[in-house]
Structures are given as C-alpha cells and as structure tokens.
Amino acid sequence: MDKPTATPPATETRNSSPSVWFWLSAGSVVLSYLIGFVLLVFVVPVFVEMFADLEAALPKPTILVLSLSNLIKSYFIFMALPLLGFTALCTWVLYELDKRKHIVIVIILGNVPPAIVIIMLIALFLPLITI
C-alpha cells in the first residue's frame, strides 16, 4: 500500500517591503537632522549676535547649543561624514526593527530626533523668556 505523503507546511510569505511607519519614522529622522543642521549653521549665529547685544548671563542649555553651532561651523568637513553615517545607521536600525514587526519601537525611535530639535529650539529661546 502507498503511504499517504505528508504535505509540507505552508511557508509564510513575509512582506519584506517597509511599512508606512518605517517611512514616516525614517523621514522624520532625516528631516530632523536637516532641520537641526540648518538651525545650527544659519539660525544660531543670528541668536549669537542678539545675545551679544543683550549682555545677559545665558542659561547652560543655550550655551551648549551655541557651542554646538560653533563646533559644526568650524569642523563641518570632519563632522559631515560621521553625521551621514549616523543617519544611515539610524535608518537601517529602523528598517531592521520594522522587518521584525516592532512598530512601537520604530515609532518611538523615529520621534527622538524631532524631540532633540525641539529641545534645541527651546534652549535657544530660554534667554528671551521673561517671567
């Protein structure tokens, strides 16, 4: 007699294309780095001149942002490649997490760089707030 042949289990076809959450998170990471760069290179120097006219003591977060701006403007060539590499690494991590269906982590990690840009903006405006 013939033995019944066992049918192999159906293999799941995994959709390897990135989800919408990946694209939103990766886009927010890249956009945040671009906005942060523009702020540090073009906007912060305007604040430096304005703070020099005020001649007031600046809070430490503001001094940190001003120093970071000066550092990026002075050593842009040496910082551009690592920053691009870090952006690519963040995007790759988001992609790998997205493939493993860790959507919540992708959303959280995608929102960290925009939060840093917002904190940088708050630090810039701290000396201008009078209570």
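Predicted model: local features only at pLDDT ≥ 70, side-chain atom pairs only at ≥ 80, totals over all residues.

**Entry: Ser28.** I looked up what Ser28 touches, leaving out residues up to four places away in sequence, and found Gly110 and Pro114. Ser28 itself sits in helix α1, which covers residues 20-54. Is Ser28 buried or exposed? Its relative accessibility is 17%, and the cut-off for buried is under 20%, so I put Ser28 down as buried.

**Entry: whole chain.** Of the 131 residues, 24% count as buried. I then checked contacts between residues at least 6 apart in sequence, and 82% of them join residues at least 24 apart. The accessible surface comes to about 9,700 Å², with 73% of that belonging to carbon and sulfur atoms.

**Entry: nonpolar patch.** Next I went over the surface and found a nonpolar patch with about 910 Å² of accessible area together; its members include Phe86, Trp92, Val104, Ile108 and Ile116. Which helices each supply at least two residues of the patch? I get α3 (76-99) and α4 (103-125). The most comes from α4, with six residues.

**Entry: Val104.** From the patch I picked Val104, which lies in helix α4. Its relative accessible area is 58%; exposed means over 50%, so Val104 goes down as exposed.

Terms used. Residues numbered from 1 in each chain as written. Heavy atoms only, no water. Helix = DSSP H or I, 4+ residues; strand = E, 2+ residues; numbered from the N terminus. Buried < 20%, exposed > 50% of the residue type's maximum accessible area, 1.4 Å probe, protein only. Contact = heavy atoms within 4.5 Å. Areas by Shrake-Rupley, 256 points an atom, 1.4 Å probe, with all protein chains shown as cover. Patch = residues over 30% accessible without salt bridge, like charges linked within 9 Å, V, L, I, M, F, W, Y side chains within 5 Å. Salt bridge = Lys/Arg side-chain N within 4 Å of Asp/Glu carboxyl O.
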